[in-house]
Amino acid sequence: MICEKIIEDKASVIKNKALELKSNNILYTITPNFLYSIEK
């Protein structure tokens, strides 16, 4: 099943969401390219 959700927010919020997705093994894409590290 493919599910798409689009969010727009500050870089710090996007980073936290990406970390949450990554920790749950959920694939995600950030566009345009995210200039910050997605690491804790």
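## A short tour of the chain

Start with the charged residues: the mean positions of the 6 positive and 5 negative charges are 7 Å apart. Lys and Arg count as positive, Asp and Glu as negative, while His and the chain ends are not counted. Each charge is placed at NZ of Lys, CZ of Arg, CG of Asp or CD of Glu.

You are looking at a predicted model, where local features need pLDDT of at least 70, side-chain atom pairs need 80 or more, and totals for chains, interfaces and linings use all residues. Residues are numbered from 1 along each chain as its sequence is written, and side-chain values use heavy atoms, without hydrogens and water.

Now show the whole chain as a cartoon. It has 1 helix and 0 strands. The C-alpha trace spans about 30 × 20 × 15 Å along its principal axes.

Of the 40 residues, 10% are buried (under 20% relative accessible area; exposed is over 50%, partly exposed in between, with a 1.4 Å probe and protein chains only).

Select K22 and E39. Which bond joins their side chains? A salt bridge, at 2.9 Å from N to O. The term means a side-chain nitrogen of Lys or Arg within 4 Å of a carboxyl oxygen of Asp or Glu. K22 sits in helix α1 (11-23) and E39 in the segment after it, so the pair ties together parts 17 residues apart in sequence. E39 is partly exposed at 45%. K22 is partly exposed too, at 39%.

How values were computed. Helix = DSSP H or I, 4+ residues; strand = E, 2+ residues; numbered from the N terminus.
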